[in-house]
Amino acid sequence: MIEYASYLDWIDKQHERMYQALIALADTNSCTLNTAGLEKVLHELSDLFRPLGGEQEIISLEPLKQVGTRGEIEQIALGKALRIRKRPESSIQVFLGVHMDTVFPADSPFQKTVRVDHSTVNGPGVADAKGGLVVLMIVLEALERSPWAGNIGWEVLINPDEEVGSPGSAHLLRESAKRNHLGLIYEPTFPDGSLAAERKGNGYFTAVVRGKAAHAGRDPDEGRNAIRAMADYVQAIDNLNGQRDGVTVNAGFIEGGGPVNIVPDLAILKFNVRIARLDDEIWIQKELEKAAKVINDRDGLSLELHGQFLRKPKILSKANRRLMHMISECGADLGMRLQWHKSGGCCDGNNLASAGLPNVDNLGVRGGNIHSEQEYMHLDSLTERAKLSALFLLKLASGYVKWTHG
Ligand SMILES: [Zn+2]
C-alpha cells in the first residue's frame, strides 16, 4: 500500500486543536430556530474552513412553513447554509457535509460543554454534530496536505435546518447529489462506534380539526367538539401501527380548546410517520386520508391534513454498498472492525441517496444520548474518525482505490 502514515500521524497531532474548535462550536447555541446563534456558528465555521481554500458561499434559505396555534400557516425564519467548493473541474467529486444546528433552544439550561473525565465531554451538540464538523475539517486538511489532493474535487455543505428535516436546504442537497460522485456525512456514529446502513423515511404531519363553539351548559347540541373528533382521529392513525411492516405512526403533540364551559372549535395534532420502503408512502398517505374523511363526513366538522415526507427511506444501491465496503476496508487498515446497522432514524444521507448519491452518513464522532442533556462524546474519536475518512480520501486521491461511476 502507498505510504499514508505521515498524513494520519499528522491527524493524531491535531487532537488539542480539534478539541478547542469543538468546545468553541458547542458553547455557542445554534438551535435550528436561533438564527442569531446560527449566524455566529456559521462565521466560526467559515473562518475554520478558510485555510482549506475553495470558494465559500453563504446561502439564505426559504422560511420553514408550519401550522401555528390557531391552525394557520406561519413562516419561521431559518439560518443560512455554508457551501464550499474546491476543484469542481476534477473528474472525481466528493460531497462532505453535516448540519450546524442543534435541538437545544437558546433558553434551555443546557448551553455549555463540561469535561466529564479525561476521555469524555458532555455538551449540546458535541456528538450531533459539532464533533463531526471538526472531523470533517481535519479530514480535508489532511487531504490538502497530501501530494494527491489535486486529483479530486470536493464540496462541503453545512446546513442550519437538519434537525427539523432540512426543509430549507433540501434543494441544496439535491443539487449537490447531482454533481458529486459519492457523499460523506458526519453525523455521529452509534454509541458503540458502528455505522448506519439503510435508514427509514420520515414524514411530519399536522392535522387541524375545526368544529363549532357553543355554550357547554346552555346549548351543547349546537356545538361540534373538535377535541372529540381529534381524539377519534388519533385513535384511527395510532391503530395503523402494526398493520404494515416497518411503518410506524407517532402522535406526538396535541393542543386545542380553552375554557371548559365552551365546546372547543379547534384542535391541532402533530405526528410523525416512519416508513421502510418507498411504496409505504403511498399506503400511509391513503390511510391518513381515509381516517380524515371519517371526520370530514361528520356534520359541522372538518379535518385538514398538512405535511409531507421530508425524507424518503435510504435504500442501499450497489454503489452505496461498494462505498460502505471501501470504508470498512479503511477501518480494517486502522485496526477497527466496523459494524453496520439499519436505523429507524433519518438524516441528510436519506436526501442524498434518494437523489442518487451513494453515501455513508455517520462518519462523525462516537458519542451518545444525543438530543438530551446527557449528550456526550468520546474525545479519542475525534482523531480516530478523522483518520478513517481521511484514509479513504487519500486512497481515492492517490488512485489506490478507484471509484467507478454508476
Ligand atoms: Zn444530527
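These legends describe close-up views of one predicted model. Local features need pLDDT of at least 70 and side-chain atom pairs count only at pLDDT 80 or more, while totals for chains, interfaces and linings use all residues. Residues are numbered from 1 along each chain as its sequence is written, and side-chain values use heavy atoms, with hydrogens and water left out.

View 1. Helices (H or I, at least four residues) and strands (E, at least two) are DSSP runs, numbered from the N terminus. Both His 99 and Glu 187 are buried. Buried means under 20% relative accessible area, exposed over 50%, and partly exposed in between (1.4 Å probe, protein chains only).

**View 2. The cis peptide bond between Asp 128 and Ala 129.** Omega is about 5° here. Ala 129 belongs to helix 4 (residues 126-145). Most peptide bonds are trans.

View 3. Most residues other than glycine have a negative phi. Ser 166 is buried, at a relative accessible area of 0%. Asn 369 is in the loop between strand 19 (367-368) and strand 20 (376-378). Asn 369 is partly exposed, at 44% relative accessible area.

**View 4. Helix 7 (residues 280-296) and what covers its buried residues.** At 1.5 Å a residue, the 17 residues should span 24 Å, and the end C-alpha atoms of helix 7 are 24 Å apart, which agrees. The expected span is 1.5 Å times one less than the number of residues. Buried residues of helix 7 include Trp 283, Ile 284, Leu 288 and Ile 295. Among the elements covering the buried residues are helix 6 (226-238), strand 11 (201-210) and strand 16 (302-311). Contact means heavy atoms within 4.5 Å. Lys 290, also in helix 7, is exposed, with a relative accessible area of 52%. Lys 290 and Ile 237 are 9.7 Å apart, C-alpha to C-alpha, and 53 residues apart in sequence.

**View 5. The contact between domain 1 and domain 2.** Domain 1 covers 5-200 + 314-398, and domain 2 covers 201-311. These bounds come from an automatic or database domain assignment. The C-alpha centres of the two domains lie 35 Å apart. The contact takes 22 residues from domain 1 and 17 residues from domain 2. Together the domains bury about 1500 Å², 53% of it on carbon and sulfur atoms. Buried area is the accessible area (1.4 Å probe) that two parts lose on being put together, summed over both. In domain 1, Val 67, Lys 200 and Cys 346 lose the most area to domain 2, together 38% of what that side buries.

**View 6. The salt bridge of Arg 311 and Glu 162.** Their side chains meet at 3.4 Å, N to O. A salt bridge is a side-chain nitrogen of Lys or Arg within 4 Å of a carboxyl oxygen of Asp or Glu. Between domain 1 and domain 2 the count is three salt bridges.
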